[in-house]
Amino acid sequence: MHAIELYNVYKSYNNKPVLRNITFTVPQSSITGFIGPNGSGKTTTIKILSGLIRKDKGVIRVLEEDPWDNPKLKRKVSVIFTKLPYPPNDTVEEYLSDLNSIFKGDLSKLIKEFNLSEHLKKKISQLSSGQAQKIQLIAALLKNPELIIADEPTANLDPQARLEFYELVRFMVKEYNVTFFISSHILSELEKVITHIVFINNGVITATGEINDIEAKISSNEILLLVREKEKALKILAKYNPTLDGAYIKVKGNLREIVDLLDDGKIEILSIRKASLDDVFRKLSGV
């Protein structure tokens, strides 16, 4: 089963293509990252999935229904943005209670789970960005959604708040059996939580699938090494045609053989890593 399905979806503005017949699926109960450079078509795709704008051509199914002009689907899908849209003078308690008068969720339970009890009397405008995003997550869960679409939800958060946000995402998937579709450009944290990935560039899907399969396919047997004596290591690894990637030496080959060569040459290895999501992103974006 898929929470989201797009087949040959096309969208243009002023005769300029923004989405060029894109096709991808998002498995139910997954945490799928939607990744691409600015102007790649991420926001347009999310607006279409959220029922805010209409596609020009193609087939879209969100929880097996077309999202355009579909009030019933809005009860099953929650959307989270970079900033929380809120009435400026509302307290946390007032804002969430007003929402819950519509959706009838277990608000007291959610407030405890998200550690917001001590903030209920504060105006939302007084909250930190991280606390405000917790409010969005609680608001999203009040209607017991099957799918949460998040558009750059951590863009305004500091590193600690971003990590906490993604921990809450894991918790929500496990405890509430919700599917997450998250667009983000902060890849170092995103790759620690997502199970699947969709890459988009210039309105075209360049890769899609489970994150481990994508990283393995793109990076092949590429290894990045941080060593003490870089120039000496480059000579020792000459047969592997090493290249420099910032402070790292990039090589392709058998990891055990490469480490043994460096050990034999008395080279101290400070760090070894495979390609990261950032590396994959650069390759797929042509950066």
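Which elements do the buried residues of α5 pack against? Let's walk there through this predicted model.

Start zoomed out and colour the chain by domain: the assignment gives domain 1 as 2–216 and domain 2 as 220–285.

Now select residues 129–142, which is helix α5.

α5 is mostly covered, with 12 of its 14 residues buried. Among the buried ones are Gln131, Lys134, Ile135, Leu137, Ile138 and Leu142. Show what surrounds them and you have the reply to the opening question: the buried residues pack against strands β5 (77–80), β6 (147–151) and β7 (179–183), plus helices α3 (92–103), α4 (107–113) and α6 (159–176).

Keep α5 and α6 on screen and hide the rest. Their axes come within 10 Å and cross at roughly 15 degrees. An angle under 35 degrees counts as roughly parallel, so α5 runs roughly parallel to α6. The crossing is right-handed. For the contact itself, show side chains: α5 brings Gly130, Gln133, Lys134, Leu137 and Leu141, while α6 brings Ala161, Glu164, Phe165, Leu168, Met172 and Tyr176.

Last stop: step just past the end of α5 to asparagine 144 and check its backbone, where phi is positive, at about 50 degrees.

Conventions: Residues numbered from 1 in each chain as written. Predicted model: local features only at pLDDT ≥ 70, side-chain atom pairs only at ≥ 80, totals over all residues. Heavy atoms only, no water. Domains from an automatic or database assignment. Helix = DSSP H or I, 4+ residues; strand = E, 2+ residues; numbered from the N terminus. Expected span 1.5 Å × (residues − 1). Buried < 20%, exposed > 50% of the residue type's maximum accessible area, 1.4 Å probe, protein only. Contact = heavy atoms within 4.5 Å. Axes fitted to C-alpha atoms, helices over the stretch in contact; angles between N-to-C directions. Parallel < 35°, antiparallel > 145°, perpendicular 65-115°, else oblique. Left-handed = near helix turned anticlockwise from the far one by under 90°.
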